[in-house]
Amino acid sequence: MNEEISEELNKFNSLYKAMDDVYHDIAFQLHLSDSAFSILYTICLLGDGCQQKDICNTTFISKQTIHSSIKKLEQDGILVLQAGRGRDMHIHLTPAGQKLAEEKILPVIEMENRTFTGMLPEERHQLLALLENYVIRLQKNAKEL
């Protein structure tokens, strides 16, 4: 790999890590684990009553990690599980969980919205198109490993 491409890839990886660190720091400030933050964030996006599999598919976090974090949040009185059809379990925020989501998670979503809409429309479209192109190529190349 030539030096310029290597530097660009290092920069990309550094930016990816920096973005991940922002969310880790936010979770830490909220006294939440990264997975608990992701679960609550995803419930805010998908709506109360979503299922564990929906959270796994949205966050790309392993089923085991999500399950463990859900159990901890349930013990902490943040959410409850309610049986659905078959083996489906729906996740609902308790009143304490709703308060936590409103006070801590929704402001993060609003911050993201401000950040994204602070970009020009053509910048947003270009960012999304380039990232989508990169992910498609990455998935294709990962299958060829």
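I started at Leu 9, which lies in helix α1. Helices here are DSSP runs of H or I with at least four residues, strands are E runs of at least two, and both are numbered from the N terminus. I noted the ground rules next. The model is predicted, so local features need pLDDT of at least 70 and side-chain atom pairs pLDDT 80 or more, while totals for chains, interfaces and linings use all residues. Residues are numbered from 1 along each chain as its sequence is written, and side-chain values use heavy atoms, without hydrogens or water.

The cut-offs are under 20% for buried, over 50% for exposed and partly exposed in between, with a 1.4 Å probe and protein chains only. Leu 9 belongs to a nonpolar surface patch with Met 1, Ile 5, Tyr 134, Val 135 and Leu 138, together about 560 Å² of accessible area. Two elements give two or more residues to the patch: α1 (3-29) and α6 (121-143). The most come from α6, with three. For such a patch, residues need over 30% relative accessible area and no salt bridge, and nonpolar side chains (Val, Leu, Ile, Met, Phe, Trp, Tyr) are joined within 5 Å. A salt bridge is a Lys or Arg side-chain nitrogen within 4 Å of an Asp or Glu carboxyl oxygen. Areas are Shrake-Rupley values with a 1.4 Å probe; for residues, only the protein chains shown count as cover.

**Helix α2.** I then took α2, residues 34-46. Its buried residues include Phe 37, Ile 39, Leu 40 and Ile 43. I saw the buried residues of α2 pack against α1, α3 (52-59), α4 (63-75), β1 (79-83), β2 (89-93) and α5 (95-117). Just after α2, Gly 47 has a positive phi of about 105°.

**Ile 43.** Which residues does Ile 43 contact, neighbours within four places in sequence aside? I listed Asp 48, Cys 50, Ile 55, Leu 79, Ile 91 and Leu 93. Contact is heavy atoms within 4.5 Å.

**Core.** The largest nonpolar core has 25 residues, and Leu 32, Phe 37, Ile 39, Leu 40, Ile 43 and Ile 105 touch the most other members. At least two residues each come from α1, α2, α3, α4, β2 and α5. The most come from α2, with six. Members are buried Ala, Val, Leu, Ile, Met, Phe, Trp, Tyr or Cys joined through side-chain atoms within 4.5 Å.

**Whole chain.** Buried residues are 25% of the 145. The C-alpha trace spans about 55 × 35 × 25 Å along its principal axes.

Definitions and conventions: Patches are made of residues with over 30% relative accessible area and no salt bridge: like charges are joined within 9 Å, nonpolar side chains (Val, Leu, Ile, Met, Phe, Trp, Tyr) within 5 Å. The expected span of a helix is 1.5 Å times one less than its number of residues.
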